[in-house]
Amino acid sequence: MADTPKPASAAPTRRKAGRHRGEGQWAAGHFTPLNANEQFKKDDDGLNVRTRIETIYAHRGFDSIDPSDLRGRMRWWGLYTQRRPGIDGGKTAVLAPEELDDEYFMMRVRIDGGRLTTEQLRVIGEISQEFARGTADITDRQNIQLHWVRIEDVPEIWRRLEAVGLSTTEACGDTPRAFLGSPVAGIAADEIIDGTPALEEAKRRIVGNPAFSNLPRKFKTAISGSPLLDVAHEINDVSFVGVRHPELGPGFDVWVGGGLSTNPKLGVRLGAWVPLEDVVDVLEGVVSIFRDYGYRRLRNRARLKFLVADWGAEKFRQVLEDEYLGRKLADGPGPEAPARLWRDHVGVHRQKDGRYYVGFAPRVGRVDGATLTKIAELAEGHGSGRVRTTVEQKMIILDVAEDRVDSLVEGLESLDLTTRPSVFRRGTMACTGIEFCKLAIVETKGRGSTLIDELERRLPEFDEPVTININGCPNACARIQVADIGLKGQLVTDADGNQVEGYQVHLGGALGLDPGFGRKVRGLKVTAAELPDYVERLLTRYREERQDGERFAQ
Ligand code: SF4
């Protein structure tokens, strides 16, 4: 690591310290780090840790890793230490980081737009089996996460990923994270505009670019030209949503400032229409505003949503146009209401070229390396070389000829990857939870899977869309705030007065054109053991008492 602090590489120099000094904004001339995170980023760019991993840590082992790399910069390459096994959730907030750290890593493979070839999927499957004890989870940001990775194996894993065009670059850290994209971009019959060229250009210009590798916090981007609004655009830092301008034609409507976790906020429209060829200029402008004006004093106020909330959409657009683009953007319309409630592309759907895409549902995003390899084999055996991941922890095989669809569906079913899932399998998501996550208080994936089984058995007739999102802690990795039933992991008191794993219930959240955050139901906490009973009661009561036209998902 560099001994001498460097000036931040991309910091603007045109302003003097001013009234925003208290928020630590670079644009106000404030370059002195105000907390430990800002300090380690100033000391050395997170991207630089790669050289140390390859030349030192992978050879000398876990104990040789500098703590500021271990718990800081390694994220810039998609690596987090995972939770030491056997530590219960009650100790999460009590133990020091080094007591929670296991010597194995979670590695997040960045999959921009959820776009994978079958060759890439095979390589991830092989890496999972060889280096990650077979683990592989599909995240709600279209990435794939591996666990049990040893530092000694990281350079070889990178070599294999990069040989097929994949990477872990900036998959975590205070960086532009993987870009969400419509998983059916370029093929969907109802598409407004294909955002793929912008997504590919964004990767070339932004990922691994030192100009954007020291942001105040993570930065999330979504690009979709699908009328289904299939990338959760309301809760990203910046989103480009396909719209038809009455005079200018197909393009993108720009949203900024969405985000969950602390003080969740929905994104706001700038009211600007952007043609495909200008998307990355605007994206760079928004990331640059975040880098320069974003709040760096307090980490829990460092997301773009706080700046957008303080400025408002009008000022944000004006700064973007005047200081970063040097031109005005055209005004434009917002998106129309999507035609379907489910936006995950599960099932069999006709493509615009006459072939079909087939979406299927693993349980709560959990697959494994062997299954990924079999999915690649199945796809290739049915004429497809392309696979996609979705923001609902689902997968899609593209480009299947009509006469091969039934056989593919059968093959997927034999892997427990159904194209006709129950509403419960389809609508349930879960974060990593206590199995691997150091911030977790409770278990999530196993509980989610059991809940699906129980609800399928108890309520076989229930067929309305319902989303059940399960988090292992108060963070938002499984988007509990925007689920019909959001379950926030915490310790609760059971009937015998014992502290046990359970969930605070949030009800009535939604994404879509009528988005909102679920209501935290005061005092409504369920133990993990009571969870199936509680959800069954809730859904049964709704079915018995609902009015005509009322849906569970509002
Ligand atoms: Fe970990 Fe909490 Fe995120 Fe779940 S929500 S993965 S427990 S930080």
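1. The shell around the ligand in this predicted model is made up, by class, of six nonpolar and five polar residues, with no charged residue among them. The residues concerned are Cys431, Thr432, Gly433, Cys437, Leu439 and Ala440, together with Asn471, Gly472, Cys473, Asn475 and Cys477.

2. An open sheet of five strands, in the order β17-β18-β19-β20-β21, shows mixed pairing. Its edges are formed by β17 (428-430) and β21 (519-527), each of which has a single partner strand, so that one side of each is left without a neighbour in the sheet. On average, and with direction ignored, neighbouring strands of this sheet are turned by 25 degrees against each other. Helix α14 (residues 445-458) packs on the sheet, where it touches β17 and β18, and the direction of α14 makes about 165 degrees with that of β17.

3. Within that sheet, what is the sense of the pairing between β18 and β19? Strand β18 (residues 468-471) and strand β19 (residues 485-493) run parallel and are joined by four bridges, with isoleucine 468 standing opposite isoleucine 485 in β19. The pairing of β19 with strand β20 (residues 499-507), by contrast, is antiparallel and extends over nine bridges, and here glycine 489 stands opposite tyrosine 503 in β20. These two strands, β19 and β20, form a hairpin with five residues between them, and glycine 497 in the turn has a positive phi of about 85 degrees. Further along, β20 and β21 run antiparallel and are joined by five bridges, the bridge partner of glycine 502 being threonine 527 in β21.

4. Strand β13 (residues 356-360) deserves a separate point, because five of its five residues are buried and the strand is therefore largely enclosed by the rest of the structure. The cover extends to both faces of β13, with Tyr356, Val358 and Phe360 buried on one side and Tyr357 and Gly359 buried on the other.

5. The strand partners of β13 can be described through tyrosine 356. Strand β12 (residues 347-350) pairs with β13 in the antiparallel sense over four bridges, and arginine 350 stands opposite tyrosine 356 in β13. The hairpin of β12 and β13 has five residues between the strands, and glycine 354 takes a positive phi near 95 degrees there. Strand β16 (residues 395-400) also pairs with β13 in the antiparallel sense, again over four bridges, and in this case tyrosine 356 stands opposite valine 400 in β16.

6. Helix α6 (residues 154-163) has Val154, Ile157, Trp158 and Leu161 as buried residues. Seen down the axis of α6, these buried residues fall within an arc of 100 degrees, so they line one face of the helix. As background, an α-helix has 3.6 residues a turn, so residues three or four places apart point the same way. On the other side of α6, Arg159 and Ala163 are exposed. The cover over the buried residues of α6 includes α2 (49-60), β2 (101-109), α5 (118-131) and β5 (144-149), and the helix is followed by glycine 165, whose phi is positive, near 85 degrees.

7. Which residues of helix α10 (residues 313-325) are buried? They are Phe316, Arg317 and Leu320, and because they cover an arc of only 95 degrees around the axis, they lie on the same side of α10. Glu314, Lys315 and Asp322, on the other side of α10, are exposed. The buried residues of α10 pack against β9 (249-256), β10 (268-274), α8 (279-293) and α9 (304-311). After α10 comes glycine 326, which has a positive phi near 70 degrees.

Note on methods: Residues numbered from 1 in each chain as written. Predicted model: local features only at pLDDT ≥ 70, side-chain atom pairs only at ≥ 80, totals over all residues. Buried ≥ 20, exposed ≤ 12 C-beta atoms within 10 Å, placed from the backbone. Arc of directions from axis to C-beta. Contact = placed C-beta atoms within 7 Å. Near = placed C-beta within 6 Å. Nonpolar A, V, L, I, M, F, W, Y, C, P; charged D, E, K, R; others polar. Pairing = 2+ DSSP bridges. Axes fitted to C-alpha atoms, helices over the stretch in contact; angles between N-to-C directions.
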